[in-house]
Amino acid sequence: MSELVLCETRGAVAVLTLNRPEKLNALNYALVDRLKELLDTIESAADIRAVILTGAGDRAFSAGADITEFSETVRQGPDAAVRAFVRRGQSMTARIESFPKPVIVAVNGIAFGGGCEITEAAHLAVASEKASFAKPEINIGIPPTFGGTQRLPRLAGRKRALELLLTGDRFSAERAYEIGLVNRIVAHDDLLPSALELAGRILRHSSLAASRILTAVTRGLNAPIAEGLEIESEQFARMVPTHDMREALDAWLARRQPHYEGR
Ligand code: COA
């Protein structure tokens, strides 16, 4: 069996490629499990400081959960379906959302269902002009189950999200940009270079500071503001004793470039 998720490193960036192009990179259980395993490895790899997620082939980022496999699981009843399908998918998107290193999705084509939910969960997203999106779960009689009923309304606003969720209509990269689902749209051939360039602009800075920002935003966004401000204070306090914070301040005062640890 070929690798379900390819992993290559470009300097300090791991490029993960969903690799079932003959099935439009549909997310079967094995692929989801492999992606989570790779994220575990990347989390503890000190030399990897950012992740780009993309899809193999010229058509899709991912056409979503593997409907063939899912339709077998639902025959076993709601408990089995929630365990095998919903929990697995939700833990994948939650892992991406709360990953301590920046995760950038490079949307190279179709991002339907779970493919769209991965884009919603990622910290940043760059879309090819050929990318297309949809929340098509209603066509198979289910609500989205990898966080898609929760993150898109928070990201795009309730009415914009509900229109997409209730119609299942496809939408373009331009619409994805308008609703805040992707940060930018680029020519198809520029997709990976653009995602790498974006990663590079983050990697100029302290990775520890980036990680504290990711935690503050991700945890704070889902908390009442008073709690969010506490989270912000905690994340700041955790930076205070670090070499990176002292070095950043000293470098600013001396008008020189900082030299961070782990670079
Ligand atoms: N799960 C399992 N297999 C999928 C899949 C999915 N989500 N999406 C595509 N595939 C498979 C197809 O079965 C087909 O395999 P086959 O050649 O062995 O039959 C292959 O990928 C190519 O897809 P196909 O449907 O032939 O391409 P298309 O250009 O006609 O249509 C889509 C593309 C995306 C419109 C269509 O594949 C689709 O509707 N997919 C499901 C999207 C969806 O509902 N996702 C949410 C799931 S919760």
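A polar contact is a pair of N or O atoms within 3.5 Å. Keep that idea in mind as we walk through this structure, which is a predicted model.

Let's begin at the ligand. A backbone N or O atom of A65 sits 2.9 Å from one of the ligand's nitrogen atoms, so this pair falls within the 3.5 Å cut-off for a polar contact. K23 places a polar side-chain atom 2.5 Å from a ligand oxygen atom, and R59 has a polar side-chain atom 2.7 Å from an oxygen atom of the ligand. On its own, the ligand would expose 860 Å², and the protein buries 62% of that.

Now let's look at the wider surroundings. There are 16 residues around the ligand, and the ones that come nearest are K23, R59, A63, A65 and I67. Sorted by class, this shell holds 8 nonpolar, 6 charged and 2 polar residues.

Next, turn to the helices. Find helix α3, residues 78-97, and helix α4, residues 114-121. These two pack at an angle of about 30°, and their axes are 8 Å apart. Angles under 35 degrees count as roughly parallel, which means that α3 is roughly parallel to α4. Where α3 passes α4, the crossing is right-handed.

Helix α3 has another partner to find: helix α1, residues 29-44. Here too the packing angle is about 30°, with the axes of α1 and α3 10 Å apart. These two helices are therefore roughly parallel to each other. Which hand does the crossing of α1 and α3 have? It is left-handed, whereas α3 passes α4 in a right-handed crossing.

Conventions. Residues numbered from 1 in each chain as written. Predicted model: local features only at pLDDT ≥ 70, side-chain atom pairs only at ≥ 80, totals over all residues. Heavy atoms only, no water. Near = heavy atom within 4 Å. Polar contact = N/O pair within 3.5 Å; in protein donor to acceptor, adjacent residues only side chain to side chain. Areas by Shrake-Rupley, 256 points an atom, 1.4 Å probe, with all protein chains shown as cover. Nonpolar A, V, L, I, M, F, W, Y, C, P; charged D, E, K, R; others polar. Axes fitted to C-alpha atoms, helices over the stretch in contact; angles between N-to-C directions. Helix = DSSP H or I, 4+ residues; strand = E, 2+ residues; numbered from the N terminus. Parallel < 35°, antiparallel > 145°, perpendicular 65-115°, else oblique. Left-handed = near helix turned anticlockwise from the far one by under 90°.
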